[in-house]
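Hi,

Here is the structure I promised to pass on. Have a look at it first, and then read on for what turned up in the helix packing.

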Amino acid sequence: MPQHILIDAAQRGEQFLSALPDRSVYPTAEALEGLSAFDVPLQEEPVDPAQVLEELDSIGSPATVASPGGRYFGFVIGGTLPAAQGASVLAAAWDQNAGLEMTSPVSSALERVASGWLLSVLGLPESAATGFVTGATQGNFTALAAARHALLSRADWDVEEQGLYGAPEIKVVVGEEVHVSVLKAVSMLGLGRGRLTKVPVDDQGRIRADQVPELDDMTLLCLQSGNVNSGAFDPLEELCQKAEGAGAWVHVDGAFGLWANATAKYAHLLTGVELADSWATDAHKWLNVPYDSGLCFVRNPEDLVAAMSSTAAYLVELGPRQPFHFTPELSRRARGMEIWAALRSLGRQGLAEMFERNCDQARRMAEALTARGIEILNEVVLNQVLARFGNDDRTVQVMKHIQAGGEVWASDTVWQGKRALRLSVSSWATTDDDVDRTLRAIFEAHDLVKATT
Ligand SMILES: Cc1ncc(COP(=O)(O)O)c(C=O)c1O
């Protein structure tokens, strides 16, 4: 492979990033139509790599969503920190298989170090095990597989050997506002999403502790730190203590909310989080590393290893920690490198500053919208803002104007039966000027809709 291809790619990447402040956040209709240029039959003869890259960039780049920029507030996405971006380019060149210590000693070393830093920054037990997975969905799945192992082994049932046929039942308890990824994990683990006990929630989506049923040592209680719409946190301390007394397993889905523990200002939302048995979070959301990158943590490493490990004579086990015993994948890319780079570049202060700045920006947006008579449906406790423009119809129209305008992109959602515009402030790249530009775009769209309806 010609070495200059990396330089070419980096230059194209640089141009893409520096154009972000001035381009439409969502690709234009013309750019999307341009994607049809990819629709060609696979040719017989090879094509020069430089030409392949040129085609990819010229057709693909205009059709990208500018989510690494400062005015993308859709879903909970986040951008990419410069150090993580650089690490990602290097990781592509290194092309390490992170599955085994033997196939990548450097990746194993970086994962070991990053794991210790993560547990410390997130306030989790330092002896917990970390799995570097593809996202919070996989983090939930992996942690719940460890929970399934632990709960069934208490009943002398080896689920990895015997499967679930004839196994004692695990009672899975979730809040009504449980994230769909937990439901998916439960179904993939054979625990049956139709068999869950769903506990009512309050007006912010927090599980009502007084409605949680009796727990026992065959119960898996799934709590949430950071509701995908409202950003609300379940009452962890009270429920973890209740679960501990009963011998139940507590899992916390903190896809973005778990990072609040890296701040002094918002850590109170997670009081008691260290009492749980397992946790999942994303790195590609609020830690601002590239896709795809998520994490799971399990208090008792043996439970995770029992659920995930596989052995074969050819899989040589070197060193103290075999990465493939901690994740569903065997071969995988060295995503721990980018996490290491993000943590190393920001340090504890930089992390706290990034998360707190995004929360301040979310609150400023909510206050400015309220001052213009726009209803905010949630308590803005973290980085999520739910704005409603009078009624469902108007809210959808405002949202469509905003999304089509190109200045800003934010998601549509339904919160407790009401349509809302959902702004998730999750990017290191969002400046205060971006917040001003966003507010102007929302006000303009709102004024336009008000004038025509
Ligand atoms: C609370 C929660 N859990 C899990 C997920 C799933 O994360 P991922 O898309 O990284 O799998 C999300 C995504 O927004 C989330 O908000």
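A quick definition before the findings: a crossing of two helices is called right-handed if the near helix is turned clockwise from the far one by less than a right angle, and left-handed if it is turned anticlockwise. Keep in mind that this is a predicted model.

Let's start with helix α4 (residues 82-94) and α11, whose axes are 8 Å apart and pack at an angle of about 150°. Angles over 145 degrees count as roughly antiparallel, so α4 is roughly antiparallel to α11. Their crossing is right-handed. On the α4 side, the contact is made by Ala 83, Ala 84, Ala 87, Ser 88, Leu 90, Ala 91 and Trp 94, and α11 brings Met 337, Glu 338, Ala 341, Ala 342 and Ser 345. Sorted by type, the residues of this contact are nine nonpolar, two polar and one charged.

Helix α11 (residues 336-371) also has a partner in helix α13 (residues 432-452): the two axes come within 11 Å and cross at roughly 30°. That makes α11 roughly parallel to α13. The crossing of α11 and α13 is right-handed too. Here Gln 361, Arg 364, Met 365, Ala 368 and Leu 369 of α11 meet Asp 432, Val 435, Asp 436, Thr 438, Leu 439, Ile 442 and Phe 443 of α13. This contact of α11 with α13 has seven nonpolar, two polar and three charged residues.

Cheers

Note on methods
Residues numbered from 1 in each chain as written. Predicted model: local features only at pLDDT ≥ 70, side-chain atom pairs only at ≥ 80, totals over all residues. Heavy atoms only, no water. Axes fitted to C-alpha atoms, helices over the stretch in contact; angles between N-to-C directions. Helix = DSSP H or I, 4+ residues; strand = E, 2+ residues; numbered from the N terminus. Parallel < 35°, antiparallel > 145°, perpendicular 65-115°, else oblique. Contact = heavy atoms within 4.5 Å. Nonpolar A, V, L, I, M, F, W, Y, C, P; charged D, E, K, R; others polar.
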